[in-house]
Amino acid sequence: MSKGLPSRAEDYSAWYNELVKRADLAENSAVRGCMVIKPYGYSIWEKMQGALDQMFKDTGHSNAYFPLFIPKSYLSREADHVEGFAKECAVVTHYRLKASDNGSGLVVDPEAKLEEELIVRPTSETVIWNTYKNWIQSYRDLPILVNQWANVVRWEMRTRLFLRTAEFLWQEGHTAHATRMEAIEETQKMLKVYATFAEKFMAVPVLQGVKTESEKFAGAVDTYCIEALMQDGKALQAGTSHFLGQNFAKAFDVKFATKEGGLDLVWGTSWGVSTRLVGGLIMAHSDDKGLVLPPKLAPIQVVIIPIVRDKDQYALINEKVNSIIEKMRFHGISVHYDNRDTHKPGWKFAEYELKGVPLRLAIGPRDLENNTMEIARRDTLTKETVSMDNIEMLVKNLLEEIQDSIYQKALNFREENTSEVESYDEFKKVLKDKGGFVKAHWDGTAETEERIKKETKATIRCILLDEKEEQGKCIYSGKPSNKKVVFAKAY
RNA sequence: CGGGGUGUAGCGCAGUCCGGUUAGCGCACCUGGUUUGGGACCAGGGGGUCGCAGGUUCGAAUCCUGCCACCCCGACCA
């Protein structure tokens, strides 16, 4: 195996790409823009799914499944929605192949043309609201709180493993409500769920805010989002929660009889996070030696590596280790004992560092004599020799400490890389020299936003929910503004 | 879609300018031995339609023409 990753400082982008491949998370597939998620990468996603799914259920949601294909006409029912997604849709036009006339291979059978083309879902609002029409007659049928775990396809021009792929895995929640207020509360509630997940599980601090008119979801009234900061100073949109108003109810004619005897359009929300989170997780914590995973999402929390000179010791070590594993499992710790004799300890040390396993225990002849083990932390790369007695408690505590510690580190990084500026010159200088989040006054117009984007590549990430009101002037136009907004270059 | 680049073993590359034995190297892989507390060493071995198609030539990885794929930068983008 070739040693050493490209360093972050040298080439952040190459570092990321190499890391994803070498840590066995994912690789490019034979199909352009689509990735193969390898078992180790997929198990991180499964950890994420597990935690999120529980949180969705705890907030009253149920899972369901809607079709992969959407009749083309559905997409055009909501004007903004079609505008936003039409350019990146995969389209199914036929349902059959046949042997080609010259006998070499297969061709699309022109006889088998679909009457109406199907698009592969880029998101499921349309097919779901078309279904909700049949599910909802009365206020008694509301709310509907449904989530689906699915794959979607957006034919992106340029793709990067996990961060932007043509096909990706995600969850999309789609809820229907009787009142505007209730839908808005749902939208905000799910934003909180995402923020909590990001911070508690991924150990990634996030900003919570609302998108500007030009950045919001196609078809939404308001898009709420969480934004994370990566180590290269670029922002990553990590999750979105949309207040759809009555837009999709209008488009699909979803009305309900109100308590008062009237007839009203249903209010909707939708919210989603995707496998992009895996990319964000990698970029938030990892270093030049490889992944650094938060214990709560690490597929393996502890790896134990035996160091063996002769066969007799091996039996003794196995015995010791097995009793330790049993105790750790009892405490809910996921532990992997790598006693393969096909790889040397040094090789394993490097391998598990690359894969971001939070804690590593090594046990050899020295330890057998002294009743000790060597314990090494992935996040700090420190190691010490500790007693084997009650080591499971030490491990348990250390895992919690690592989880907190990498969150704190990421939070400090974000704070150090969040700036406030009062002028456009200062804005450009900070973006160029430092990057990160830059708070500045903005006049609220799409024109200004667009010009700043053209000139600096920075976009408005969000308008913070808890931003304080203050009188100021737009850094670009000088027009009055009562709030700063958050700019950054973004993925 | 514009600009640039690359296609040679599983991976990373040299060889191409200036055509000429059997196409090399590192890693990985297989066998045997010695090793094992930070990516071991020695010896032996296997693996190639040189992206595809056509052309020039006694002879093409190398020259010519066409095509394809991928990567990077831009444009685009929940």
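**Around the RNA strand**

Tutor: Let's begin with RNA strand B, which has 34 residues around it; R158, E353, R360, R366 and D367 come nearest. A residue is near a molecule or strand here if one of its heavy atoms lies within 4 Å of it. Before going on: this is a predicted model, where local features need pLDDT of at least 70, side-chain atom pairs count only at pLDDT 80 or more, and totals for chains, interfaces and linings use all residues. Residues are numbered from 1 along each chain as its sequence is written, chains are lettered from A and ligands numbered from 1 in the order in which they are written, and side-chain values use heavy atoms, with hydrogens and water left out.

Of the atoms of RNA strand B that come within 4 Å of the protein, 41% belong to sugar and phosphate.

Where does it come from? β13 (235-245), α10 (345-354) and α11 (365-370) each supply at least two residues of this surface, and α10 gives the most, with seven. These labels are DSSP runs numbered from the N terminus: helices are H or I with at least four residues, strands are E with at least two.

Zoom in on the bases next. A polar side-chain atom of W347 sits 3.4 Å from a base nitrogen of RNA strand B, and an N or O atom in the side chain of E351 is 3.5 Å from a base nitrogen. With G364, a backbone N or O atom lies 3.3 Å from a base oxygen. Polar contacts like these are pairs of N or O atoms within 3.5 Å; within protein, one must be able to donate a hydrogen and the other to accept it, and residues adjacent in sequence count only if both atoms are side-chain atoms.

From here, β13 leads us inward to α8. Ten of the ten residues of α8 are buried, where buried means under 20% relative accessible area, exposed over 50%, and partly exposed in between (1.4 Å probe, protein chains only). Those buried residues pack against β13, and also against α1 (12-22), α2, α6 (180-201), β16 (267-274) and α12. Contact means heavy atoms within 4.5 Å.

Take α2 as one of those partners. The axes of α2 (residues 39-58) and α8 (residues 276-285) come within 10 Å and cross at roughly 105 degrees. The axes are lines fitted to C-alpha atoms, for helices over the stretch in contact, and the angles run from 0 to 180 degrees between N-to-C directions. On the α2 side you'll find I44, W45 and M48, meeting L277, V278 and L281 of α8. The residues of this contact are six nonpolar, no polar and no charged.

Key: Ala, Val, Leu, Ile, Met, Phe, Trp, Tyr, Cys and Pro count as nonpolar, Asp, Glu, Lys and Arg as charged, and the others, Gly among them, as polar.
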